Amino acid sequence: MAVTALLVTGAAGGIGRMLRGALAGRYPLIRWSDRAPMAPPGVGEETVIADLSDAAAVEALTAGMDAILHLGGCSIEADWPTIMAANLHGVVNLYEGARKAGTQRVIFASSNHAIGFWRRSDRLDHESPPRPDSRYGLSKAFGEDVAAYYAFKHGIRSLSLRIGSCFERPTNRRMLSTWLSYADFVRLVEVGLTAEFHHEIVYGVSRNTRSWWDNSNAYRLGYDPQDDAERFAPEVEGIVSDIPLDEAFQGGQFCSPEFTGSTDWIRT
Ligand code: NAI
Ligand code: 15L
């Protein structure tokens, strides 16, 4: 079924603002939402200010939407109250609203920080279990499970994107492995809004020569990334963290802050 009414949360954020231009006119109605101010709506658009932690507001937000791209929430490490409000309550409110609205499909912006404590020498795929590197990463692992619950219990088609680093360009060596170009992000969203699946996890990453992830599950669904971070290697190759823990693990600089664990397992 073609998407006629799409809700995008997190519309005032970096990815949301980029998408606003890229998706303009592609669907009959796009409802852009954030708790922060957004540019005024154009033709075929609505903008709605809502806090994801407010269940009633999110229920109103999701009403009438047949597809949702859930980008909203805290996108970096933060204290528990912040993470719980935006990412735990937020994702539950979002899916609960989707269930009540009869929404057909939800794309959830998960993160590589859900799997951040896997080593860079590990090659992961869509079946690799979480190893969160932060409260933020843990909230994304929770979000992936919420997506699975609503898919299997309530029939909402759910695609979790374990996004690497989605920025205009890579800015350090790590991102030569994790970069997702804006154009490839748009390609992946298109797959999420059209492909046949029930519940899947895929990696939000370009076709990087140095990728740590086997993204064949995304390719199976039709994702065909066109970018490779390698062309930026001469500029960013030398930009690394001076903390060995960060350089050993996929989550990079989310790994070392507040780290009080044993490093014994790291060598095994
Ligand atoms: P961002 O931080 O620029 O945008 C997030 C937006 O969510 C902001 O506009 C913010 O106002 C909104 N927000 C935060 N708390 C909210 C709340 N309680 N209620 C309503 N809105 C709230 O993040 P960005 O880079 O655009 O990322 C979008 C999504 O993708 C996020 O969920 C992030 O965790 C995820 N992601 C992004 C990556 C990247 O490299 N940009 C990598 C991995 C995941
Ligand atoms: C994320 O999940 C963050 O939202 C983003 O700001 C970057 O830190 C990204 O991961 C990354 O790992 O590069």
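Predicted model: local features only at pLDDT ≥ 70, side-chain atom pairs only at ≥ 80, totals over all residues.
**Stop 1: the largest pocket**

The volume of the largest pocket is about 1,100 Å³. Select C74, S75, I76, Y136 and F167; of the 49 lining residues, these are the closest to the centre of the pocket. Next, colour the secondary-structure elements that each give two or more residues to this lining: helix 1, strand 2 (29-34), helix 3 (80-101), strand 5, helix 4, strand 7 and helix 9 (244-248). Colouring the lining by residue class gives 18 nonpolar, 22 polar and nine charged residues.

**Stop 2: ligand 1 and its shell**

Select ligand 1 and show the 26 residues around it. D34, L71, S75, Y136 and C166 come nearest to ligand 1. By class, this shell has twelve nonpolar, ten polar and four charged residues.

Now show the elements behind the shell. Helix 1 (14-22), strand 5 (105-111), helix 4 (135-154) and strand 7 (165-166) each supply at least two shell residues. Which of the elements gives the most to the shell around ligand 1? Strand 5 does, with three residues.

**Stop 3**

Keep ligand 1 selected and draw distances from its oxygen atoms.

- L71: a polar backbone atom is 2.8 Å from an oxygen atom of ligand 1.
- K140: an N or O atom in the side chain is 2.9 Å from an oxygen atom of ligand 1.
- G13: a backbone N or O atom lies 3.1 Å from an oxygen atom of ligand 1.

Then switch to a surface view. Ligand 1 on its own has 820 Å² of accessible area, and the protein covers 87% of that.

**Stop 4: ligand 2 and its shell**

The residues surrounding ligand 2 are S75, S111, N112, H113, Y136, G164, S165, F167, R174 and F254. By class, they are three nonpolar, six polar and one charged. While these are shown, look again at S75 and Y136, which are also among the residues that come nearest to ligand 1.

- S75: a backbone N or O atom lies 2.6 Å from an oxygen atom of ligand 2.
- S111: an N or O atom in the side chain is 2.7 Å from an oxygen atom of ligand 2.
- R174: an N or O atom in the side chain is 2.9 Å from an oxygen atom of ligand 2.

How much of the accessible area of ligand 2 does the protein cover? The protein covers 81% of the 320 Å² that ligand 2 has on its own.

**Stop 5: the cavity**

How many cavities of 30 Å³ or more does the structure hold? The structure holds one. About 40 Å³ of space lies in the largest cavity.

Select H70, G72, A86, N87, V91, F108 and K140 to see the residues that line the cavity. By class, this lining has three nonpolar, three polar and one charged residues. Helix 3 provides the largest share of the lining, three residues.

K140 lines the largest cavity, and a side-chain N or O atom of K140 is 2.9 Å from an oxygen atom of ligand 1.

Note on methods. Residues numbered from 1 in each chain as written. Chains lettered and ligands numbered in written order. Heavy atoms only, no water. Near = heavy atom within 4 Å. Polar contact = N/O pair within 3.5 Å; in protein donor to acceptor, adjacent residues only side chain to side chain. Areas by Shrake-Rupley, 256 points an atom, 1.4 Å probe, with all protein chains shown as cover. Helix = DSSP H or I, 4+ residues; strand = E, 2+ residues; numbered from the N terminus. Nonpolar A, V, L, I, M, F, W, Y, C, P; charged D, E, K, R; others polar. 1 Å grid on protein atoms, 1.4 Å probe; cavity = no way out; pocket = protein on both sides within 12 Å on 5 of 7 lines; lining within 4 Å. Points joined across faces, edges and corners; volume = space filled by probe spheres on them.
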